[in-house]
Amino acid sequence: GNAVHCPYQMSPTHLKHYRLDRVTRRMLVKWEIVGVPLALMGLLFYYQGRVWQDARPDYERSIAVKRPLEPEPGQSQRWQVVRVRDGDTIVVQAGGRQDKIRFCGIDAPELEQSLGKEAQQSLERLIQAGGNQVMVTPIERDREGWLVGEVFVAVPTAQQPELEKFLNAEMVRLGMAYHYAKFSGGCLNRDEMVAGEQEAQQQRRGVWGESNAVKPWDWRQQH
């Protein structure tokens, strides 16, 4: 019979490209259906995380100071103590810069309170025993710019050359500070402060030996 003439015939090369184009189009359709929503969800979670980080509250639930922690949380740095301000705050320096440290999870009597001076002197003695050097593990910064952290001093012995004393818990154990339970949730060694306070209460040390002692957070509200 008569041969049918096709007005346009694809070469094998063109046919291959045409099939690839069809595959590409199908992939694009799938991306629009699945990939775009996933990408939008990813961006949403990212920005939610950024907002949470920026809005992380301090002890008073106000906006935290936009100043980075140095070093990063969970890592410690050695500091020279410049001044013991009171029973739970110190001023330190290292590498030509200074910082203000507030002990995480404890609250010592204010200097104007009963045992306030004694708490300051107790902390001074503990720090002097460590050669006026401390190791600080940062937790966060409060709204005043104080670095809230856990503080340690080296107290090596012949049997334990790397022995350290955890000052947050030690001040509580001596009855020279209270465990500030309301704000100790972020402290890495919270359990040691809890145990220290139980011991101080049982032995009636420091603030626990005074029948009319006023907790510093209550005292600040009155003054």
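Buried residues make up 36% of the 223 residues in this protein. Here, buried means under 20% relative accessible area, exposed means over 50%, and partly exposed lies in between (1.4 Å probe, protein chains only). The model is predicted: local features need pLDDT of at least 70, side-chain atom pairs count only at pLDDT 80 or more, and totals for chains, interfaces and linings use all residues. Residues are numbered from 1 along each chain as its sequence is written, and side-chain values use heavy atoms, with hydrogens and water left out.

**Overall layout**

- The protein has five helices and eight strands. Helices (H or I, at least four residues) and strands (E, at least two) are DSSP runs, numbered from the N terminus.
- Along the sequence, the pattern reads α-β-β-β-β-α-β-β-β-α-β-α-α.
- Take the contacts in the protein with a separation of 6 or more: residues 24 or more positions apart account for 62% of them. A contact means heavy atoms within 4.5 Å.
- The protein exposes about 14,300 Å², and carbon and sulfur atoms supply 52% of that area. Accessible areas come from the Shrake-Rupley method with a 1.4 Å probe; for residues, only the protein chains shown count as cover.

**The nonpolar core**

- In soluble globular proteins, nonpolar side chains tend to be buried together.
- A nonpolar core is a set of buried Ala, Val, Leu, Ile, Met, Phe, Trp, Tyr and Cys residues joined through side-chain atoms within 4.5 Å.
- The largest nonpolar core has 39 residues. Those that touch the most other members are I90, L123, I127, V134, V151, L167 and M171.
- Eight elements each supply at least two residues of this core: β1 (77-84), β2 (89-94), β3 (97-103), α2 (116-129), β5 (133-141), β6 (147-154), α3 (167-173) and α4 (190-203).
- Strand β6 gives the largest share of this core, five residues.
- V151 is in contact with I90, I101, F103, V134, M135, V136, K165, F166, L167 and N168, leaving aside its neighbours within four places in sequence.

**The disulfide**

- A search of the whole structure finds one disulfide. The term means a pair of cysteine sulfur atoms within 2.5 Å.
- The bond joins C104 to C187, with an S to S distance of 2.0 Å.
- Distant parts of the chain are linked by this pair. C104 is in the loop between β3 and β4, C187 is in the loop between β8 and α4, and they are 83 residues apart.
- The torsion about the S-S bond of C104 and C187 is about -95°, so the disulfide is left-handed.
- C104 is buried at 2% relative accessible area, and C187 is buried at 6%.

**Salt bridges**

- The structure holds nine salt bridges. Each is a side-chain nitrogen of Lys or Arg within 4 Å of a carboxyl oxygen of Asp or Glu.
- R220 forms one with E110, and their closest N and O atoms are 2.8 Å apart.
- That pair also links distant parts of the chain: R220 is in helix α5 (residues 216-222), E110 is in the loop between β4 (106-107) and α2, and 110 residues separate them.
- R220 is partly exposed at 35% relative accessibility, whereas E110 is buried at 17%.
- R173 and E170 meet in another salt bridge (2.7 Å, N to O). They are three residues apart in helix α3, so about one helical turn separates them.
- R173 is partly exposed, at 26%, and E170 is buried, at 11%.
- R173 also forms a salt bridge with E199, whose closest N and O atoms are 3.2 Å apart. This pair links helix α4, which holds E199, with helix α3, which holds R173; the two are 26 residues apart.
- Salt bridges that share partners join E170, R173, E199 and R205 into one network.
- E199 is partly exposed, with a relative accessible area of 28%.

**Around H179**

- H179 sits in strand β8 (residues 178-179).
- Is H179 buried or exposed? H179 is buried, with a relative accessible area of 8%.
- Which residues does H179 touch, not counting residues up to four places away in sequence? They are G105, V172, S184, R190, M193, V194, E197 and W217.
- H179 and E192 are 13 residues apart in sequence and 9.9 Å apart in space, C-alpha to C-alpha.
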